[in-house]
Amino acid sequence: MRRNECLAMLLAGGEGRRLGVLTKDSAKPAVHFGGKYRIIDFALSNCANSRIETVGVLTQYQPLVLNRHLGIGSPWGLDRRDGGMHVLPPYVRQKGGDWYKGTANAIYQNIGFIERYDPEYVLVISADHIYKMDYNDLLETHKKNRADATIAVITVPWADASRFGIMSVDESGRITQFTEKPPQPDSNLASMGVYIFSWPALREALLRDAADRTSSGDFGKDVIPALLAGGSRLYSHRFDGYWKDVGTIDSLWEANMDLLDDKPALDLADRSWRIYSANPNRPAQYISPAASIQSSLINEGCIVEGRVNRSVLFHGARAGAGCLIEESVIMPGAYIGRGAKVIRAIVGEGAVVGEGCQVGSFDSAEIAIVACGSVVSAQTALEEANPA
């Protein structure tokens, strides 16, 4: 087996409870995004563009849809004989093997896979985020500092800081303090959930964590704090590009709306850093010439007869005559009936909004959500207004 300088382990088993009905039957990384893609496409495309040739994908919750999308990794150039993409089982069939307890435990249970390739460095990434990053820049920071672990970090608004792993660093970028989701953060420098470890240091840390029965087996809660407390060399790598944790309905909607800005921070048309997907349809296109369609991202596989404004429509979506779609995300195969109104909403895959019905409004602070495959009709609206 050829030795890899850097091997990637992609954590893709998230249940995504905060995405509600969108993840009832599939894992969060398989959720659709941006008119053509799924969330996991971004991490895999970053690996492809960073020329990382071996990727282990760790699945667990509802993996069927995700596994079908991944195939053998061909869209990302990972269908190779030496290395390539490996979709690893949700648990290891060995003595003591069990479902993954946490992010670090998931890597621990696949130590055997990593050792097959004998890497110098292991990149641990999440499949839940929307961003473009050259992981070689992170690796260079790691090498320069002779670090045991290097964490990609981004400055977040203070109001959001309690949602992340928060750290303090010294002038050299060395991490001096790390707290997972502190209720009253002392810093707004947040972990992106992107780590590079020197493999010997990571292996030792994983074995030590697995032996601790009080540990939850999580990088942010257990392994990173333990490394820091033990005097390991932990450094930060600052990232100043677009990055979005799309783990909630609001953040998923916001990330789709960000694509519609005049100069989007995340350019999906950037040929120098392509985002690849298994979707066989042609790329979604920004369309705004017609009076009925304004500043929207619409896949060429859509049929639009109504009015669409600042919205994202996936392949197979249909919008009937006289309907109005504003600031919404319409997922594959969804149908918006004649005269219906969809405003500030996410309509799930294969869902139907019946003729004359309304979903969402500008008066509500919440993003409306229609479950995948469900039907909104005049009758369901009446039942919601007059519950038994």
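This is a predicted model: local features need pLDDT of at least 70, side-chain atom pairs count only at pLDDT 80 or more; totals for chains, interfaces and linings use all residues.
Let me start with Lys244, which is found in strand β13, where a strand is a DSSP run of E of at least two residues and a helix a DSSP run of H or I of at least four, both numbered from the N terminus. Residues are numbered from 1 along each chain as its sequence is written, and side-chain values use heavy atoms, with hydrogens and water left out.

What does Lys244 touch, not counting residues up to four places away in sequence? Taking contact to mean heavy atoms within 4.5 Å, the list is Asp128, His129, Ile130, Ser251, Glu254, Ala255 and Asp258. With Glu254, the side chain of Lys244 meets in a salt bridge, 3.0 Å from N to O, a salt bridge being a side-chain nitrogen of Lys or Arg within 4 Å of a carboxyl oxygen of Asp or Glu. This pair links distant parts of the chain, since Glu254 is in helix α8 (residues 249–258) and Lys244 in strand β13 (residues 243–245), 10 residues apart. Glu254 is partly exposed, with a relative accessible area of 32%; here buried means under 20% relative accessible area, exposed means over 50%, and partly exposed lies in between, computed with a 1.4 Å probe on protein chains only.

The structure holds nine salt bridges, and another of them joins Glu5 to Lys143, with the closest N and O atoms 2.6 Å apart. Glu5 lies in the segment before β1 and Lys143 in helix α5, so this pair ties together parts that are 138 residues apart in sequence. Lys143 also forms a salt bridge with Glu140, where the closest N and O atoms are 4.0 Å apart, and here both residues lie in helix α5, three residues apart, or about one turn of the helix.

Leu123 itself touches, among others, Cys6, Ile52, Tyr135, Leu138 and Val194, leaving aside residues up to four places away in sequence. As general background, in soluble globular proteins nonpolar side chains tend to be buried together.

Strands count as paired if DSSP finds at least two bridges between them, and β8 pairs with β11 in the antiparallel sense over six bridges, with Val153 standing opposite Ser191 in β11. Five bridges join β8 to β12, and these two run parallel, with His237 in β12 as the bridge partner of Ala152. Four of the five residues of β12 (residues 234–238) are buried, so this strand is largely enclosed by the rest of the structure.

Elsewhere, five strands form an open sheet with parallel pairing, in the order β15-β18-β21-β24-β27. At its edges stand β15 (293–294) and β27 (358–359), each with a single partner strand, so one side of each is left without a neighbour in the sheet. The partner of β27 is β24 (residues 341–343), paired in the parallel sense over two bridges, and Lys341 stands opposite Gln358 in β27.

Finally, the cysteines: how many disulfides does a search of the whole structure find? The count is zero, where a disulfide would be a pair of cysteine sulfur atoms within 2.5 Å. The sulfur of Cys6 is 8.5 Å from the closest cysteine sulfur, in Cys47, which is too far for a bond. Cys6 is buried, with a relative accessible area of 12%, whereas Cys372 is partly exposed at 36%.
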